[in-house]
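Work through the exercises below with the sequence and the 3D structure at hand. Each task is followed by a worked solution.

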Amino acid sequence: MSRTIVPREPAIEALTAVWASVHRLADSLTDDQWKNPSTLPGWSVGDIVTHVFTTELMLLGDPEPVVEADVSAYPHVRNDIAAMNERWLVHYRAQGRATTMADFADTIKRRTAALDATTQDDFDADSFTPAGPDTYGRFMRIRIFDCWMHELDVRDTLGLPAPDDAVSARFAADEITQSLPYLVGKKAGAPTGSRVRFDITGLTPRTVNIAVDGRAAVVPEFAEEPTLVLRLDIADLARLIGGRTSADPSAVEVDGDRDLADAVLDNLAFTI
C-alpha cells in the first residue's frame, strides 16, 4: 500500500480555515437562501452546511440519530454511507436552523481540540479513508477537499464567487491531483505514450504532468512536447471531478489531441 504523508499542522490549519469559512458563509445567508434547493440532488443549501459538520460528529464518535424516515428509499440515496449521511440531515431539518448552526460551532470546537491533541505520528498512522486504506493524514486531506467542495456547491447554488481561502484550496488541489493519473489512464483510457498536462490556474496554480507508459503516473517533466494540455481554474476542475451539474467543459482551454481531450473531460467525474 502506498502511504500518503500529510503534514499535520498545515492540514489542521486548512481544516479549521475551511470550517470557519463555511460557518461564516452559512451565518450570512437569509432563511430563503438556507432553504433553497441546491445543485446536489435532494439537498437544500442548509443540508450541505449540515453535512459538513455532521461528518465531524461521526469522527467524534457521536451516535447516529434514529429517525422514522426510510431514507434508503430516497432516490438520491444510493448506498449505506449516503443513508447514514441522510439520517443526520433528517434529524437536523427537524431541529431548525438556529440549533443546527449552534451545533455546527460546538462540533468544530470539539474537533479542533481533538486534532490539536494529535501528533505527526498519529497523522502518519494507517487508517481507513473513503479512498481506501492509507494514512489518517490522507483522511484529513480528504476532509479538507470535501468541505471545500461543499462550500463551492453552496456558492454555485447561490451564484456567489468560488471560495477564496488559498490554504484549504491547496490541500483540495493536492487531493484532486492524486486522482488524475487514474482518471486519465484508467477511466479515459489514454493510450500508451500519451503525455497529458493539466495547467491549473486560480487560487492554487500548478502544473501536473501525467505520462502514460503502461500505467499513468505524475512526472516532473516530459521529454517531449505534451500530447494534450488542459488549462482550467481549480474550481472548474473540482466541479468536473465532482460530477457537478455546474461543471462546464467549455471552460477548459484545450491544446492538442482533441479526441483525447474529449475522452479525459468525459471521464473526470470521480467523487471520493
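**Exercise 1.** Locate the salt bridge of aspartate 126 and state which parts of the chain it joins.

Solution. The side chain of aspartate 126 meets that of arginine 3 in a salt bridge, 3.0 Å from N to O. A salt bridge here is a side-chain nitrogen of Lys or Arg within 4 Å of a carboxyl oxygen of Asp or Glu. Helices (H or I, at least four residues) and strands (E, at least two) are DSSP runs, numbered from the N terminus. The whole structure has 20 salt bridges.

The model is predicted: local features need pLDDT of at least 70, side-chain atom pairs count only at pLDDT 80 or more, and totals for chains, interfaces and linings use all residues. Residues are numbered from 1 along each chain as its sequence is written, and side-chain values use heavy atoms, with hydrogens and water left out.

**Exercise 2.** Describe the contact of domain 1 and domain 2.

Solution. Start with the bounds, which come from an automatic or database domain assignment: domain 1 covers 8-158 and domain 2 covers 175-266. Domain 1 gives 13 residues to the contact and domain 2 gives 10 residues, where contact means heavy atoms within 4.5 Å. The C-alpha centres of the two domains are 28 Å apart.

Then take the area. About 1,000 Å² is buried between domain 1 and domain 2, 55% of it on carbon and sulfur atoms; buried area is the accessible area (1.4 Å probe) that two parts lose on being put together, summed over both.

**Exercise 3.** Find the salt bridges across the interface and the element of domain 1 with the largest share of the side that touches domain 2.

Solution. The interface of domain 1 and domain 2 holds 4 salt bridges. Aspartate 156 pairs with arginine 239 in a salt bridge, with the closest N and O atoms 2.7 Å apart. On the side of domain 1 that touches domain 2, helix 7 (residues 136-158) supplies the largest share, 10 residues.
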